[in-house]
Amino acid sequence: MSHNAFYTKNLSVYYGEKQAVRKVSMEFPNREVVALIGPSGCGKSTFLRSLNRMNDLIPAARIEGEVWIGGDNICDPNTDVVRLRQRIGMVWQRANPFHKSIYENVAFGARYHGTRNRKELAALVEQCLRKTALWDEVKDRLHQSALALSGGQQQRLCIARSLAVRPSILLMDEPASALDPVSTAKIEELIAELKKDYSIVIVTHNMQQAARISDKTAFFFLGDLIEYDDTQKMFTNPTRKSTDDYISGRFG
Ligand SMILES: Nc1ncnc2c1ncn2[C@@H]1O[C@H](COP(=O)(O)OP(=O)(O)OP(=O)(O)O)[C@@H](O)[C@H]1O
């Protein structure tokens, strides 16, 4: 395993007595999109959240095993969680912009992580808004409230906000499931663009979306990782019968 590798080893997550994720070991290749699929309740979101210690916020949650990122096991209790979340951005199902201006939404995290110079900050805000294809839509109203944007624009703003702290990994939990088809297509285009610079792990319920946007796909069922392979192979010739059944819509 290279020093920079991003992978889990025997990762288990419990809520109280209940085990939601069972000894999952998987590696996330650099600058590729990995889709996590599986029926509701199979542990996809729990697994995703454990990749940047978001489960810490749930009192009943407990993790066993390892998550290695750039040579650090982030499950180590000494991990600096603030720094970790700077390295790994997270985008949620529902866009959750701050009740602030468009500009401030993007500038906030960057300032928090040390970019204070006004010019530098303005350049970074522009760069992040350009990366998420929002710049042309918002450049004349940067100081208006982010809440006045459409749902799709708000979601792209949240992605711009997570880019502003310069992460290397982006975690996305059904980032397009609350959006209309046009906004969904924009998010998918954006993901294709972002993977040039970031490793992306995305939970999706939408099989066509997983097939369109991901390089690798992982199928979860009842907390187990059943199969993980190239998306092309997973969707045309999966090894496990339950993967085939799920992908062809026979359950879930
Ligand atoms: N905060 C929590 N407290 C207790 N149990 C939880 C909590 N969050 C999730 N669970 C349980 O853990 C299991 C996995 O849930 P998780 O949300 O990770 O699945 P999922 O595959 O992402 O589902 P969905 O696709 O519906 O979002 C489920 O049985 C769920 O009920």
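Q: What is the order of the four strands in the open sheet?

A: In this predicted model, local features need pLDDT of at least 70, side-chain atom pairs count only at pLDDT 80 or more, and totals for chains, interfaces and linings use all residues. Residues are numbered from 1 along each chain as its sequence is written. Strands (E, at least two residues) and helices (H or I, at least four) are DSSP runs numbered from the N terminus, and two strands pair if DSSP finds at least two bridges between them. Here the order is E2-E1-E4-E5, with antiparallel pairing. Strand E2 (18-28) and strand E5 (72-73) are the edges, each pairing on one side only.

Q: How many bridges join E4 to E5?

A: Two bridges join strand E4 (residues 61-69) to E5; Ile69 has Asp72 in E5 as its bridge partner.

Q: How are two packed helices described?

A: The angle between their axes and the distance between the axes describe them. Axes are lines fitted to C-alpha atoms, for helices over the stretch in contact, with angles from 0 to 180 degrees between N-to-C directions. The axes of H3 (residues 102-112) and H6 (residues 151-163) come within 7 Å and cross at roughly 30°. H3 and H6 are therefore roughly parallel, a term for angles under 35 degrees.

Q: Which residues of H3 and H6 meet?

A: Contact requires C-beta atoms, placed from the backbone, within 7 Å. Ile102, Asn105, Val106 and Gly109 in H3 meet Leu157, Ala160 and Arg161 in H6.

Q: Which helix gives the largest share of the shell around the ligand?

A: Helix H1 (residues 44-50) does, with three residues.

Terms used. Angles under 35 degrees count as roughly parallel, over 145 as roughly antiparallel, 65 to 115 as roughly perpendicular and the rest as oblique. Two residues are in contact if their C-beta atoms, placed from the backbone, lie within 7 Å.
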